[in-house]
Amino acid sequence: MTKIDIVTNISRDLGVDKVDVKIIIEKFMSEIIGSMEQGENVYLRGFGSFVVKKKASKIGRNITKKEPVLIPERHVPTFKPARVFSLGVQSKLKHTL
C-alpha cells in the first residue's frame, strides 16, 4: 500500500476530497518528522511509537581497503508497533500464510 492508496481509501470512506486528505496526511507525517528531528518521541496509543534511538560509535571495516573505519555515534528513527497492533497482524495473518 502506498500513500496515494491510503488517501484514496480515506477519501472514499469519509466522503472527503482527496486533496484535503492528502494535505492532512502530509501534515501528519511532517509533524512526526519534525518532532523526531527535535529529539522528541511520538506515541500514538493503539498504533505504536516513533522513537529516536541513539546508536553508539563503533569500529567497522572498509572491505575494499581491508582497514578499520570508525563509525560515529548517530541517532536513528525507529517504529515500535503497539501490542494490540502486533497481535492483530499476527491473528489475521496466522490463518492466511
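In what order do the three strands of the open sheet lie, and is the pairing parallel or antiparallel?

1. This is a predicted model, and the points below should be read with that in mind. The open sheet has three strands in the order β1-β2-β5, and their pairing is antiparallel. β1 and β5 are the edge strands, each pairing on one side only. Direction ignored, neighbouring strands of the sheet are turned against each other by 25 degrees on average.

2. On one side of the sheet, β1 and β2 run antiparallel and are joined by three bridges. Within this pair, V42 stands opposite F50 in β2. The two strands form a hairpin, with three residues between them. G46 lies in the turn and has a positive phi of about 85 degrees.

3. The other pairing is that of β2 with β5, again antiparallel, with eight bridges between the strands. Here K54 stands opposite H75 in β5.

4. Now the helix. α2 covers residues 18–37, which makes 20 residues. From its first C-alpha to its last, α2 reaches 28 Å, close to the 28 Å expected at 1.5 Å a residue. G39 follows α2 and has a positive phi, near 85 degrees.

5. Which residues of α2 are buried? They are V21, I25, I32, S35 and M36. These five lie on the same side of α2, because they cover an arc of only 105 degrees around the axis. Note that S35 is part of this buried set. On the other side of α2, the exposed residues are V19, I23 and E37. Two of the names there, V19 and I23, are a valine and an isoleucine, and both are exposed.

6. What do the buried residues of α2 pack against? Their partners are the helix α1 (3–14) and the strands β1 (42–44), β2 (48–55) and β5 (74–81).

Key
Residues numbered from 1 in each chain as written. Predicted model: local features only at pLDDT ≥ 70, side-chain atom pairs only at ≥ 80, totals over all residues. Heavy atoms only, no water. Helix = DSSP H or I, 4+ residues; strand = E, 2+ residues; numbered from the N terminus. Expected span 1.5 Å × (residues − 1). Buried < 20%, exposed > 50% of the residue type's maximum accessible area, 1.4 Å probe, protein only. Arc of directions from axis to C-beta. Contact = heavy atoms within 4.5 Å. Pairing = 2+ DSSP bridges. Axes fitted to C-alpha atoms, helices over the stretch in contact; angles between N-to-C directions.
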